[in-house]
Amino acid sequence: MTNSIREIRDADFLFVIGSNTTEAHPVIAMEMKRAVRDGATLVVADPRRIWLTEIAEKHLQLNPGTDVWLLNAMAHVIVTEGLVDKAFIETHTEGYEAVAETVKRYSPEEAERVTGIPAEDIRWAARKYATTKKAGIYYTLGITEHSHGTDNVYALANLVLMTGHLGGESMGLNPLRGQNNVQGANDAGATPIYYPGYQRVDDEKVRAKYEALWGVELSPEPGWNLNEMMKKAGDEIRGFFVMGEDIILSEPNVLALEERMNRVEFLVLQEIFPNETMRFADVVLPASGFAEKEGVFVNSERRMQRVRKAIDPPKGARADWQILLDLAAASGASWHHRTPADIFDEFAQHAPNFAGISHARLDAQGEDEDGYTGLQWPCPDPDHPGTRYLHEGRVLRGKGLLTAVEYRPSDELPDEEYGLLLSTGRTLYHYNAATQTRRDPGLDTKQPGAFVQLHPRDAKKRSIRDGDPVTITTRRGSIDAIAHVSRQVKPGCIWMALHFAEARANVLTNDKGDAVTGTAEYKVCAAEVTKASDYTGELHEFRGSHYQAGHAEDAPS
Amino acid sequence: MIQRTDQLPTIELDGRQITFHPGESLLEVASRSGVQIPTLCHDPRLDPAGACRSCLVEVEGQRRLLPSCATPAVDGQKVTASPEHSPRIERHRKSLFSLYLTEHPGEDHPDGVERGAPNKLVRAAKAFGAEDWGKLENLRDDLLGDRSHDENPYIQFDSDLCILCAKCTRYCDEVESVSAITLAGRGSETTIATPDGRSLLDTTCEMCGGCVAVCPTGAMGEKKPKTHKMPVEAELEKVRTTCNYCGVGCQFDLNVDPAAREGGGEIVKVTSPTPAPPPPTPQPRGRTGGSTARTRCGKGRFGYDFLHHEDRLKTPLVRGADGELHPATWDEALAAAAAGLRGVQERHGKDALAFVSSSRCTVEENFLVQKLSRAVFGTNNVHQCAAT
């Protein structure tokens with residue numbers, strides 16, 4: 001996030017796109033609810049009706065995968081109606097001309113045809129966004145989990161830069177991080193192209209610095225990203241070390257991946273629960289949960305916060321950091337680290353953006369006036385107070401870069417054989433692979449099994465009634481789930497949660513990755529739904545929820 | 001925009017001149033000026049309700065005492081808020097809390113007064129010298145969360161302890177905005193309930209537990225500590241930490257019974273940190289308006305039982321010649337892991353290895369995985385799990 005969570009309440013315009021915030025980031029959603037109560041205008045762009053669309057001024061219910069059309073059309077309105085911030089563009093950006101030229105071809109009327117959003121709504125949203133000073137954009141995986149996810153982000157950045165909504169409170173471009181420490185894992189250098197602190201592995205000087213620090217020769221070649229690793233498994237990649245991840249549940253197109261995993265020669269799994277990946281493991285190392293160890297997580301707003309040990313791990317299990325030190329020693333390395341605070345110091349002191357942060361400083365940090373603790377990076381020295389929002393006074397890269405993007409259709413769209421468009425995502429009661437939440441009695445009672453949402457019209461065509469067991473099939477595989485007949489989804493679209501090991505949505509999903517990031521297209525693939533012929537699972541009851549308010553009208557007639 | 005202090009309006013509070021920011025309530029001005037006013041029903045995240053009458057103050061020119069939570073400060077106002085400065089306030093508080101105790105078991109409750117959160121009513125009653133005026137019969141039902149009626153595993157309501165301040169229902173309406181619970185019934189039968197008396201699981205309730213967190217008396221309580229006869233909150237150790245679910249990074253206190261699990265400790269509940277005292281300077285409304293830094297969702301508040309689950313992996317496992325995973329010592333497993341990874345490296349080259357790190361683990365652990373991958377095994381094939 002360029003900005004901070006606490007600033008959301010003071011925003012006057014919130015543009016939420018591809019984020020089901022109340023379910024995936026409930027406490028950020030409470031700030032949004034509060035802003036709306038205090039008079040802010042909320043616009044939600046999402047293919048589904050979600051909780052936030054109920055309190056939104058406008059719901060832009062776009063067809064999945066057509067974000068670039070919507071965003072370029074908004075830019076079209078802003079450019080053609082002269083709503084751009086000329087001074088900001090001149091002082092702080094480059095590339096505006098090319099974008100202005102490109103978006104000329106994206107008229108709201110044409111956008112209506114592709115996205116399904118009325119042209120007038122696109123115009124209204126664009127004008128309101130451009131003319132409101134404190135206007136923030138908030139997005140999540142609905143933007144990035146596409147084969148053109150990077151284009152979606154560029155298109156959003158163009159809107160921010162052409163309107164100058166950057167470098168002040170309650171504005172900016174704010175990706176909400178899905179997991180507790182996505183930000184921290186990237187910060188720490190768990191990426192194939194960066195050492196800690198986004199220092200490139202192919203930068204000679206950086207490599208020399210780490211070679212001197214670690215006393216070894218380092219590879220100058222960037223590594224494979226996760227999507228490529230999975231596609232090369234069993235061929236170029238023959239050995240895996242996997243920590244805290246169930247790749248066989250979470251990666252797209254998993255049946256193909258399972259087949260490749262059989263050819264992997266050796267896999268080490270470091271985990272707290274048995275999971276699907278354990279079937280392929282040669283060594284399993286029992287690890288610790290978050291309450292059983294010391295360390296730091298970094299949240300969505302770049303805030304480094306302490307994680308503290310409250311209880312012991314089960315007898316026999318070890319803290320993950322301890323296991324990694326033990327494994328390094330067993331592999332012949334002699335590392336000097338003794339404690340998480342030591343490890344943190346080596347991480348932070350050689351990365352300029354984090355150099356002012358240490359365990360000791362985080363522990364000494366009290367709560368500020370809003371009850372927040374920790375430090376937001378950049379924080380280059382021990383006297384620096386941290387950074388609430390980025391790009392103040394000056395864009396960090398010097399000039400903010402506008403990038404012209406053209407719409408590219410999703411990799412696999414519905415056709416005669418597979419007539420529906422499947423998107424996947426997270427729900428309020430479970431969390432990703434759900435190894436944790438499905439072991440909690442309350443969360444699991446509320447949502448005990450897999451379901452698929454489909455529109456009454458599509459259900460009727462297929463003689464499916466609410467609560468029927470159904471089979472969902474794509475070119476990659478099929479799974480069974482319970483039908484939720486609901487107007488939450490558009491006609492022609494279906495939606496599934498990814499949490500359930502007995503009905504893995506990722507058997508269905510497309511593993512085509514974004515050209516830049518390798519992030520797979522979890523949000524769009526072609527699927528078909530039929531009544532299940534030999535359903536063996538349980539017929540779950542799904543207990544009360546916000547979405548059932550209009551349940552009666554959703555029943556097929 | 002924060003105005004310069006010398007331009008701000010002023011009230012006289014207990015004889016002191018205090019500047020304020022327009023929009024601040026008398027309660028807000030008092031609490032940041034070090035004048036203690038009791039309140040049971042107010043929370044900065046909620047609109048003021050003036051329901052509990054604990055915070056009444058004397059305002060010059062007003063015949064009746066006014067609720068300070070719902071009364072905005074006005075320039076030149078003379079306000080008396082402390083019993084030391086006003087016999088009327090002293091009398092009011094003593095009678096109010098004595099009246100409350102006629103409908104509240106006080107310290108005689110079978111589960112103790114610390115059933116849920118610390119009981120603010122009992123503490124205030126003691127502090128203001130409340131007297132025993134006898135007990136009234138409780139005519140209210142408490143079906144909400146009742147074991148035979150509502151099998152939700154988290155939340156239970158006890159009407160004996162409830163003072164009908166409606167903090168829970170207002171939180172449910174105004175902050176979580178799901179309106180799963182409501183005031184129901186009339187007169188002396190008024191209680192907290194779900195629509196149609198349904199189980200909380202069958203309502204729009206999202207199990208955020210906000211009702212439990214804001215309740216001043218413990219009437220809205222957690223079910224598990226009670227049904228499992230766990231120690232009360234005052235006997236638990238609080239460990240401040242960061243939530244392990246989504247990217248918001250909420251702070252909370254794990255409340256630990258250190259003696260449980262043979263001294264390994266057990267998490268009994270999760271509570272929000274107690275707010276720090278407000279800053280003494282005048283505050284524009286909104287800034288003090290109750291940060292979500294103390295607000296939780298259901299996963300954060302209740303989703304920790306997995307840590308104590310019997311399925312946890314406890315023994316290292318190594319796959320044997322028979323193709324099955326077998327228990328091993330740590331030394332054996334670490335040696336096997338190192339040898340296996342080295343073997344792949346020798347047969348197929350450094351870049352035949354891949355390291356999948358975890359965005360669920362700490363910064364330190366992610367740092368070590370990339371260091372292991374790069375410095376020990378010589379490959380940049382390392383990526384955290386959330387990359388796709």
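Predicted model: local features only at pLDDT ≥ 70, side-chain atom pairs only at ≥ 80, totals over all residues.
Let us begin with B:Leu372. Leaving aside its neighbours within four places in sequence, this residue is in contact with A:Leu324, A:Leu327, A:Ala328 and A:Trp335 from chain A, and with B:Phe355 and B:Phe377 from chain B.

As a general remark, nonpolar side chains tend to be buried together in soluble globular proteins.

I turn now to the helix that supplies some of those partners. Helix α16 of chain A covers residues 320-330. How many of its 11 residues are buried? Eight are, and the helix is thus mostly covered. The buried residues of α16(A) are A:Asp320, A:Trp321, A:Ile323, A:Leu324, A:Leu325, A:Asp326, A:Leu327 and A:Ala328. What covers them? From chain A, the cover includes β9 (239-243), β10 (266-271), β11 (283-286) and α17 (340-349); from chain B, it includes α8 (330-348) and α9. After α16(A) comes A:Gly332, with a positive phi near 100 degrees.

B:Leu313, B:Trp330 and B:Thr388 supply 7% of the area that chain B buries against chain A, more than any other three residues. In terms of residues, the contact takes 151 from chain A and 125 from chain B.

There is a polar side to this interface as well. Between the two chains the count is 70 residue pairs in polar contact, and the count of salt bridges is nine. One salt bridge joins B:Lys371 to A:Glu346, with the closest N and O atoms 3.0 Å apart.

Let me move to the strands of chain A, starting with β19, residues 477-485. Seven of the nine residues in this strand are buried, so β19(A) is largely enclosed by the rest of the structure. Strand β17(A), residues 451-454, pairs with β19(A) in the parallel sense over four bridges, and A:Phe451 stands opposite A:Ile482. Strand β18(A), residues 469-474, runs antiparallel to β19(A) and is joined to it by six bridges. A:Thr474 has A:Gly477 as its bridge partner in β19(A). Together β18(A) and β19(A) form a hairpin, with two residues between them.

Finally, chain A has an open sheet of three strands in the order β12-β13-β14, with antiparallel pairing. Which strands lie at its edges? They are β12 (295-298) and β14 (375-376) of chain A, each of which pairs on one side only. Four bridges join β12(A) to β13(A), which spans residues 303-307. Here A:Val296 has A:Arg306 of β13(A) as its bridge partner.

Conventions. Residues numbered from 1 in each chain as written. Chains lettered and ligands numbered in written order. Heavy atoms only, no water. Contact = heavy atoms within 4.5 Å. Pairing = 2+ DSSP bridges. Buried area = accessible area lost by both parts, 1.4 Å probe. Salt bridge = Lys/Arg side-chain N within 4 Å of Asp/Glu carboxyl O. Polar contact = N/O pair within 3.5 Å; in protein donor to acceptor, adjacent residues only side chain to side chain. Buried < 20%, exposed > 50% of the residue type's maximum accessible area, 1.4 Å probe, protein only.
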